[in-house]
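Subject: Structure handover

Hi,

Here is the structure I promised to pass on to you. My notes on what turned up in it follow below.

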Amino acid sequence: MADETQGGAAPQAANPPSMNMVGQYIRDLSFENPGAPGSIMAGGGNPAFNVSISVAVKKQADDMYAVELTLNAKANREQTILFNVELVYGGLFRLKNIPEAQLSQLLMIECPRLIFPFARQVLASVTQQGGFPPLMMEPVDFAAIYRQNLASLAAKQGAAPQPAPNSEPEKLN
C-alpha cells in the first residue's frame, strides 16, 4: 500500500516565526550598604522595602533586540538606609518573521518574563552577599505593566486605550 500522506500534507510555512534568546548580561549593578557593619549588627523592627521595576527595549539590528529590566530596591529602618541596590539585567533576543502587531507584546511581556527569574536571583544573591537576608521579589505580571503603559500613553495622547491584539480585556471591579 502506498504512503498517501505526501500529497495530503499541509505545506510548511516558508518563514515561520521564531524567537531565540542569544544571551543574557548584567549591564549595571550597584549595591550600597552605607551603615555597614553597623547595619548588620543593629536589631530593630522589620525594614520597609521599596522595589520598582521597568522594562526597556533597544533594537540592535534587523532581527536583534536587547530587552533590559531595571530593578531598584531600597530597604529602610526608620530613617536609616540599610541597603540600596540597582540592577540592569538584559537579554539579547533574535526575533524572526514576527507580525508587527505582535512584536510589541513579545518584547514587553514575553522577553522580560523569560529573563526575570535570572535578574531576581542576582538581586537575591547580592543582598545576601551584602549581609542581609536574600531579597526575593514576587513574580511580576508583565502583561499588566504593558496594559498600564498602554493606558498611560493613550491618556497622554488624549485617546482611549486600544486593546492590543490577542490580549485579555481588563477586568473592572
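Let me begin with the sheet: it is open and has 4 strands in the order β1-β4-β3-β2, paired in antiparallel fashion. (Two strands pair if DSSP finds at least two bridges between them; strands are DSSP runs of E with at least two residues, helices are runs of H or I with at least four, and both are numbered from the N terminus.) β1 and β2 (48-59) are the edge strands with a single partner each, so one side of each has no neighbour in the sheet. From one strand to the next, the twist averages 15 degrees.

Before going further, please note that this is a predicted model: local features need pLDDT of at least 70, side-chain atom pairs count only at pLDDT 80 or more, and totals for chains, interfaces and linings use all residues. Residues are numbered from 1 along each chain as its sequence is written, and side-chain values use heavy atoms, with hydrogens and water left out.

Back to the sheet. The antiparallel strands β3 and β4 are joined by 14 bridges, and K74 has N84 in β4 as its bridge partner. Helix α3 packs on the sheet and touches β1, β2, β3 and β4, with its direction at about 140 degrees to that of β4. (Contact means heavy atoms within 4.5 Å; axes are lines fitted to C-alpha atoms, for helices over the stretch in contact, and angles run from 0 to 180 degrees between N-to-C directions.)

What does α3 do with α4? Helix α3 (residues 100-129) packs with helix α4 (residues 142-157) at an angle of about 145 degrees, and their axes are 9 Å apart. On the α3 side the contact involves S104, Q105, M108, I109, P112, R113 and F116, and on the α4 side F142, A143 and Y146.

A search of the whole structure gives 4 aromatic pairs (rings of Phe, Tyr and Trp, the latter by its six-membered ring, pair if their centres lie within 6.5 Å; planes under 30 degrees apart count as stacked, over 60 as edge-to-face and the rest as tilted). F49 and F83 make a tilted pair, at 6.2 Å centre to centre and 50 degrees between the planes. Because F49 is in strand β2 and F83 in strand β4, this pair ties together parts 34 residues apart in sequence. F83 is buried at 2% relative accessible area, while F49 is partly exposed at 46%. (Buried means under 20% relative accessible area, exposed over 50%, partly exposed in between, with a 1.4 Å probe and protein chains only.) The rings of F116 and F142 have centres 6.0 Å apart and planes at 70 degrees, so that pair is edge-to-face. F116 is buried at 6% relative accessible area, and F142 is buried at 4%. Ring pairs also link F31, F49, F83 and F132 into a cluster.

Finally, some backbone details. Most residues other than glycine have a negative phi, and most peptide bonds are trans. A36 and P37 are joined by a cis peptide bond, with omega about 0 degrees, and P37 sits in the loop between β1 (18-32) and α2 (38-41). E78, which is not a glycine, has a positive phi of about 60 degrees; its loop lies between β3 (64-77) and β4 (80-96), and E78 is exposed at 76% relative accessible area. N97, also not a glycine, has a positive phi of about 55 degrees and belongs to the loop between β4 and α3.

Best wishes
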